[in-house]
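Subject: Structure handover, aromatic contacts

Hi,

My notes on its aromatic contacts follow below.

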Amino acid sequence: MNKYIKSLLATAGVATVLGLASCKKFLDREPQSIVSADNAFNTFIGFQGYTEELYHCIPDFTNAYWTNSWNWGEDEIQSTARDFHFIIKIDNGDFWGWQSEFDGWQAGWMDRNNTSTNDDRMAKSLWKLGWYGIRKANMGLENLNKLTDATQEEKDLIKGQLLFFRGWFHFMFIQYFGGLPYIDKVLPGDQKLTLPRLKYNECADKAAADFSEAAKLLPVNWDNTTAGKRTLGKNQLRINKIMALGYLGKNYLWAGSPLMNYVSTGSKTYNTTYCQKAAEAFGELLQRCESGDAPYSLVDFSKYYTNFYSAGQNWLMPGSTEAIFRGPYYGAHGSTYGTAKQYGSALLTGETITFAPTANYVDYYGMANGLPIKNITQADPESGYDPAYPWKGRDPRFYNDIIFDGVKCVQGATTDEKNRYANLFTGGSYRDVSSASRTGYLLHKFVPMTANRFDNGWSYDKALNIHLPYMRLADVYLMYAEAAAEGYGTPAGKSGNYTKTALDAINVIRDRAGAGHVAARFTGALDDFMSEVRRERAVELSFEGHRFNDLRRWMLLIHSPYTLKKSVEFDRSPAFSTTDPTNNKVLNLREAVILERKYSEKHYWLPLKNADANMYLEFPQNPGW
């Protein structure tokens, strides 16, 4: 932070910030190219141009490199072909790996040596661009008085965006690193930094103030504003009231979660006050969406994939009506070089770096009637699960997300007929630990089934675009359920500004998928209900980058079984058929531990850079690092 606050964040002069150039390049510019502060800030169009750069500080974590690692819980495991991705370092307990100093391949999206706000997807860095964005937001806020040639609506739009981004970058940092200095003014470049690290809740309160004020200033839909009509139909990514409310609630829920409450107050329980505040923010958001005031709604399950990818639609950004907050997509066809290929078998994709769902995580996908699977190896008359037919009668999202043994993977002509169907049984051709599945499953959630070298579903003419949102509406329903239940101590808990209870919110998501409601035996005691809340988040938000932070904030990351990554092992029955793989019988079903993570309390937080932690005594390193 020393380097980035004092260089990127504390560089004097509006022109330098506007130019985003190195010091040398800036000094080499022609004098007439330098834009004065008065000219940059006095009109809405000029000020909005300044603000637009903040959107390009948002990394696209799904397309940040040739292959991409963003699932760091017990949800996913990588093939052994390479070892440079952060997931490998996380598995080994080496959390230093998020830092560019320990990432020789520069594959991570959190920190890179070279960072820019142009359209280079491989030059986006949360750490560096985040501090830059905070500095830029503060400069804008301190120059609001220069915005004279603008309506009140336009002034509110500018201020609201700047406040949101200041809050968002701080929130993104503290969820990984804990309390930090909250930079709410332009820091001088010629003075020693002495800002102390705040407690987590102190940072969260300041972020909440920024999100709350942004929500008051921003419209629900830019298309309905006078200023927004200039870019009518192209305002989907612009920060609005719904985004601000979403992160206001998320920030409060995180602050109220056991880990954050523990470092703030010493209690490893939920903070009910923060949870109630979170439920209130989410409640307003959901009420506006359900009433039609806001242009967000759950997509039909038949179009569920539109949350994550588009194909044959001229590079349309995925997200449909459900994506609330997402960053720009940096370059057409980028995802098809790597992201589209990293979830298959090298037999189908030619890519040896693959990411497969762990068997223990797939176990969270329960039965279609809504009941969980207690033990994958044992029959359960209550749920109807039968270990002889493990793929039968499962939650519809299981079939949408997961490729299991016998699923048809190549749709058209192939020169490799024996691998048309997934051979995921023990010893099958899809079970190569170095270049295919180590677990007995493959992931289908983010890629069409045609994403293979035979069907060529990633070719340029197919216009395949994979891009995950940071927040979508289903996530808000589930965060509301958690916040309302913990805030009011019961599954029947609800905010005062929204009609649905915590239980209702979970069932909305299950209704969309066609899965059964939360069973009555989970709706009495709060702890029983929370087990279903956690399982529902695991299933609905699977592999979208949420699990690592969820396990951390619930203080489960370092405890078994969440430290285990398993494979499913079984033999095919002689009656195996490709007609309907869900009806296939399996023999000798069992699970085997691939690896066990060895974690301690220190692993609840990522380590700060030593250069930053050594700046001054009031900025210490995280405990244990």
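First, the term. Rings of Phe, Tyr and Trp (its six-membered ring) pair if their centres lie within 6.5 Å; planes under 30 degrees apart count as stacked, over 60 as edge-to-face and the rest as tilted. A search of the whole structure gives 61 aromatic pairs.

Two caveats. This is a predicted model, where local features need pLDDT of at least 70 and side-chain atom pairs count only at pLDDT 80 or more, while totals for chains, interfaces and linings use all residues. Residues are numbered from 1 along each chain as its sequence is written, and side-chain values use heavy atoms, with hydrogens and water left out.

One of the pairs is F95 with Y599. The geometry is edge-to-face: 5.5 Å centre to centre, 75° between the planes. F95 and Y599 are both buried (under 20% relative accessible area; exposed is over 50%, partly exposed in between; 1.4 Å probe, protein chains only).

W168 and Y470 also pair edge-to-face. Their centres are 5.3 Å apart, with 85° between the planes. W168 is buried, at a relative accessible area of 0%. Y470 is buried too, at 8%.

The criterion: NZ of Lys or CZ of Arg within 6 Å of the ring centre and within 35 degrees of the ring normal. The charged end of R197 sits over the ring of F619, 5.8 Å from its centre. For R394, the charged end sits over the ring of F398, 4.3 Å from the centre.

Best wishes
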